Amino acid sequence: MSAKVTVKDVERVAELANLELTPAESEGMLQDLNAILDYVAQLNELDTQGVEPLAQVSELKGAGGVSELRPDERNPSLDRAVVMAEAPETDQAFFKVPKVIER
Amino acid sequence: MSSETRNSESYVEKPKTLAELREGIASGALKAADLAASYYERIEKVNPRLNVYLSLTKERALEQAAHVDEAAAKGNPLGPLAGIPVGIKDVLVVKGAPATAGSRILEGYHPPYDATSVTKLEAAGAVLLGKINCDEFAMGSSNENSAYGPVRNPVDTERVPGGSSGGSAAAVAANMAVATLGTDTGGSIRQPASFCGVVGVLPTYGRVSRYGLIAFASSLDRVGPFAANVRDAATLLGVIAGHDPKDATSSLAPVPDYALESGRPVEGLRIGVPAEYFGEGLEPEVRVAIEKGIEDLKAAGCTVKPISLPHTRYAIPTYYLVATAEASANLARFDGVRYGYRSKDSATLADMYRHSRDEGFGAEVKRRILLGTYALSAGYYDAYYLKAQQVRRLLAEEFLRAFAEVDAIVTPTAPTTAFKLGEKTGDPLSMYLADIYTVTASLAGICGVTVPCGTTKVGLPVGMQVLAAHLNESTAFRVARAVEAAQK
C-alpha cells in the first residue's frame, strides 16, 4: 500500500474501467488518486492478520441478516417491447451496437 | 470559517404533521387533491431558486389524490399516509418518470417499474409529487456533483444542503413535501438532514428493500425517510420497511410500530458517548450544541456513559475503498447499450462504451470508478480491498461490543454545519471528511436517526446522530424524540 500511482497506472485503470480520459483529466486524477491512496495507507497501522474479511453485514451474528436464499421460482419479467423502447438502438428483438470486430 | 455569517434569504417552512393532515383528510375538511395542488404551487414558487425537483409526477399524484378523496368520502379505511405529499430521491425508480440519478448518462431513461419503497408508499396512500435532485449516483456530500446543478440549502441559499440526498432534506426543510425518501451509503441521509435541520433515518442494512434503487455500493446502500419530526419519520419507516422477495438481502424480521415505539419514555436508557467523535475537526459550536443535547437526555432520565470506539479513525479510508470498489462494478452496466445516453458516431463497440461513459459520467463518478477499479485490480486487491474488508469487520465488531453495554450511542452527525457552495469542490479528500461521523454506522450495518439539536449563533442547524444496534430502530427513535422534545 501507498505505492505512488503513475500516469501509466491511471491510463491502465481507465482502460480496465472503459473510461477515456483527456491528458488533463488523467493529470488531475493522478493527483487525486495519490492523495486518496496516501490517506488510505493509514490502514497499514492496523494488524489484521487472521481477521476474516467482512463483505456483507448479514454475515455478522445478531445483525438480522438473511442467511437463506429464497427458492428459485419462475416469475414474470418485464415486457420485451417496454424494455426495448428504452434502448438507444434496437431492431425490436435485439439491442443494436456498432461493430465488434474490424472488417 | 464557514459558520460566521448567514445569508438572510431563507426558504424554511415547516410542514404540518402527518397526524394533522391525515385528520383533515379523513374528516373531509382537507382534500388530498387540494393539498397536492398547494404543494405544486409551493414547488413552482421556490424550485427555481432551490433546484430541488428534477421532474414532477403530477398526473400520477393527482390520480392518487383523487383515489384518497374518494375513499375518504365513502368512509373507507385510509392508509397511514393517505393523501400525504412526498418526494422521491432520483436514484429510486418511479415507473414512467425520468430517472436520472443526477447523471447525464441516464438521460432519456424512463424506468418501466417502481422501486419497492415507492410501491409501499403509494399503497399506504402517499401522493408522489416528483423526483428529487441529488449528487450523481449518490456520490457526494454537498449535492454539487449533480449534473443538473446543486440544490441550495433552504436555511441559507449560499450554502450546500449536504449530500448526496441534499434535495430530499431541502424539500422537507422548505415544505416542498411533507416527507421524502433518500438513500444513505456513507451518510447521504444523515448529513444533509443535519445541514438542513430536519430528521433523517438510516435504517438497519436490509430493513428496507433496495429493489428499484440505482445501485452505488450494494453492501452499504440503504433507503430511508426524511421528515420534519421524529414521529413522522418513524411512521414513514414503518411503511417502507419489511421483507421483499426482490431483494435477497432484505430482512425477514417483523416490522414494529415505530411511531408508537418512538413515544416510549427514555428513562433508564444507557447512552454511550464515544470520545472519538468529539476530537480534532469538530466545529466548536457543533460541540456545544451536542453537549447541550446530551445534558437534555440526562435530564430526561438517561444514563450517559463515556465509551471508546478506537477504530473510528479508520472508517473513512475503509469506506472509500469498499464503496468505490463496489461502485466500479455496479457502474459497469452504464454502457450506452440498453438505456440512457449513447455517444453518437463511434466506429466500434469499444469506442462506443468509452465515449458514452466519458461523456455521460461526471468527474467525481469517474474518480470513484478509477479508485475502485485500482483497488480491485491484480496486485492491489489484497493490499486495498481485502484489507478494507478486514478493517470493516473490526469496526462492526467494535459496535457490537459497545451495544452490549449501552442502548444507544449519540454523536454529532457531521463535524461542521452546512458549508458554502464551492468551498470544498476543489479538494475531494476534504469533501470525503464531511462523512467522518456517518460512515462508521454504514460499514457496521447498524441503524441511526439524525435529529435537529440546536443551531449555531447565526442560526445554522446542528444535527445529533443517535445510533442503535441492528434492527433496533425503535430505540434510536425514542432517544431522538427525547432530544427533539427538549428543543421546544
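Q: What makes chain B and chain A neighbours in this model, and how many residues are in contact?
A: In this predicted model, 63 residues of chain B are in contact with 47 residues of chain A. A contact here means that two C-beta atoms lie within 7 Å.

Q: Which helices of chain B supply the side that touches chain A?
A: α10, α11, α12, α13 and α14 of chain B each supply at least two residues of that side. The most comes from α13(B), with 13 residues.

Q: Why can chain B be called a compact globule?
A: Set the value against the rule. For 488 residues, the rule gives a radius of gyration near 23 Å, and chain B has 21 Å, which agrees. The C-alpha atoms fill a box of roughly 65 × 55 × 50 Å along the principal axes.

Q: What else describes the fold of chain B, in helices and strands?
A: Chain B has 16 helices and 11 strands. Buried residues make up 64% of its 488 residues. Of the contacts in chain B with a separation of 6 or more, 77% join residues 24 or more positions apart.

Q: Which residues touch the most other members of the largest nonpolar core?
A: They are B:V199, B:A408, B:V466 and B:V479, in a core of 183 residues. Helix α10 of chain B gives the largest share of this core, 9 residues.

Q: What is B:A408 in contact with, leaving aside its neighbours within four places in sequence?
A: Its partners are B:L269, B:I271, B:V466, B:L467, B:A468, B:T475, B:A476 and B:V479. Among these, B:T475, B:A476 and B:V479 are buried residues of α16(B).

Q: How do you know that α16(B) reaches close to the expected distance?
A: Compare two values. This helix has 15 residues, numbered 473-487, and 21 Å is expected at 1.5 Å a residue. From its first C-alpha to its last, α16(B) reaches 21 Å.

Q: Why is α16(B) called largely enclosed?
A: Count its buried residues. A residue is buried if 20 or more other C-beta atoms lie within 10 Å of its own. In α16(B), 11 of the 15 residues are buried, so the helix is largely enclosed by the rest of the structure. Among them are B:F477, B:R478 and B:V483.

Q: What makes β2(B) and β3(B) a pair?
A: At least two bridges are needed. Here 5 bridges join the strands, which run parallel. B:K89 stands opposite B:I132 in β3(B).

Q: How many bridges join β2(B) to β4(B)?
A: There are 3 bridges, and these strands run parallel. In this pairing B:I88 stands opposite B:L181.

Q: Which helix makes a β-α-β unit with β2(B) and β3(B)?
A: The helix is α4, residues 116-123 of chain B, and the unit is right-handed. Just after α4(B), B:G125 takes a positive phi of about 100°.

Notes
Residues are numbered from 1 along each chain as its sequence is written. Chains are lettered from A and ligands numbered from 1 in the order in which they are written. This is a predicted model: local features need pLDDT of at least 70, side-chain atom pairs count only at pLDDT 80 or more; totals for chains, interfaces and linings use all residues. Helices (H or I, at least four residues) and strands (E, at least two) are DSSP runs, numbered from the N terminus. The radius of gyration is taken over C-alpha atoms; the globule rule is 2.2 Å times the number of residues to the power 0.38. A residue is buried if 20 or more other C-beta atoms lie within 10 Å of its own, exposed if 12 or fewer, and partly exposed in between; C-beta atoms are placed from the backbone. The expected span of a helix is 1.5 Å times one less than its number of residues. A nonpolar core is a set of buried Ala, Val, Leu, Ile, Met, Phe, Trp, Tyr and Cys residues joined through C-beta atoms within 7 Å. A crossover is right-handed if, with the strands pointing away from the viewer, the path from the first strand over the helix to the second runs clockwise.
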